Protein chains: 2
Amino acid sequence: MSDTPQAVSGFIERMGLAAQSDGMPRIAGRILGYFIIHDGPASLAGLARELQVSRASVSTNARILRNLGVLEATAVPGDRQDYYQLAQRHYLRLLEGYVERMGTMSASLEQAERELPADWAGAQTRLADMHHFIDTARDTIRELIERLAERSDGVSHEQKP
Amino acid sequence: MSDTPQAVSGFIERMGLAAQSDGMPRIAGRILGYFIIHDGPASLAGLARELQVSRASVSTNARILRNLGVLEATAVPGDRQDYYQLAQRHYLRLLEGYVERMGTMSASLEQAERELPADWAGAQTRLADMHHFIDTARDTIRELIERLAERSDGVSHEQKP
DNA sequence: CCGATCGTTCAATCAATACTGAACGAAACG
DNA sequence: CGTTTCGTTCAGTATTGATTGAACGATCGG
């Protein structure tokens, strides 16, 4: 961290803030920022050192990112530490998170439409309206994911070939 | 609140939670939920009573929603209270919020590309890759907004004609 | 086997922020 | 005018959740 240019630490910190405003822990965002800048696998201990946070935080947050599919575990021969690296198309995973949340929203609207009296015309109209909106939005984003996924199918994203 | 069916309070509460996981105050979500279910303008005092929260909270959160364009102020003749009602196409405003956040993200990536040494091939590749992704995602959502906006252009969303 | 190193977990601390109650200024109404 | 009823603001409280340090079990190297 001591000899990293200002641009790097600035970007990493900015990713932390962006993560926060997305409802994620700041450290998760900083870890992601680290991997965007730096090549190859990194160990938990290395991340803790570079980002100046506790091993515990790195452990939990790296796990969060792995569960999201943003990071993936890998191994370095001759080293028993756990190594992580950026998954290919990692950004698509974040969109998938949006899609999932929209799914919950859609379900919630559906439930309300079902449970509310059918003669509450205004409520039913607004619910159906919003429901339609959410569903088209979700479909659009799903489409976008597919489009972007196949775009990078032929392209290599390997970090250490 | 005492004679509202379980379905209503359940939905409102669920909207509160959804708002929270979107980085918004819970009460803002509940207010939105209230307006989805109930017709017409409502006063701040009425909202405070219905949602069982302080006038202060209603005031600040209604303002938040108004600034987002989700609610709009209106007036009831002969009543000097401030009344609010749901804006037409209120859900589009939330998408616009996403677009805006993606804009900051895009700018941040751009700045990093500019400030980092050009010979950090890996970093530059990943930054450009992600940058392209964010921009197409943003364009897609913008397109979606336009499409949905014109869809409801001919439809009336007035609540009290 | 023994010591060292690793990742994880859990209780405790810390920070951020939502929410409230009280105080205030403005506007309506008599 | 004086009173009442608004909406807003602000200091204080409470709650949520992130971060940490210490303790633990597991695994490797010797």
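Analyst: Here are some terms, each set against its definition. This is a predicted model, where local features need pLDDT of at least 70, side-chain atom pairs count only at pLDDT 80 or more, and totals for chains, interfaces and linings use all residues. Residues are numbered from 1 along each chain as its sequence is written, chains are lettered from A and ligands numbered from 1 in the order in which they are written, and side-chain values use heavy atoms, leaving out hydrogens and water.

User: What makes a nonpolar core, and which residues touch the most other members of the largest one?

Analyst: A nonpolar core is a set of buried Ala, Val, Leu, Ile, Met, Phe, Trp, Tyr and Cys residues joined through side-chain atoms within 4.5 Å. Buried means under 20% relative accessible area, exposed over 50%, partly exposed in between (1.4 Å probe, protein chains only). The largest core has 89 residues, and A:Phe35 and B:Phe35 touch the most other members.

User: What does A:Phe35 touch?

Analyst: Contact means heavy atoms within 4.5 Å. Leaving aside residues up to four places away in sequence, A:Phe35 touches several residues, including A:Leu47, A:Tyr84 and B:Arg126.

User: Why do E1 and E2 of chain A count as edge strands?

Analyst: Strands (E, at least two residues) and helices (H or I, at least four) are DSSP runs, numbered from the N terminus. Two strands pair if DSSP finds at least two bridges between them. In chain A, 3 strands form an open, antiparallel sheet in the order E1-E3-E2. E1 (42–43) and E2 (71–76) of chain A each have a single partner strand, so one side of each lacks a neighbour in the sheet.

User: How do you know that E1(A) and E3(A) pair?

Analyst: They share 2 bridges, in the antiparallel sense. At least two are needed, so they pair. A:Ser43 has A:Tyr83 in E3(A) as its bridge partner.
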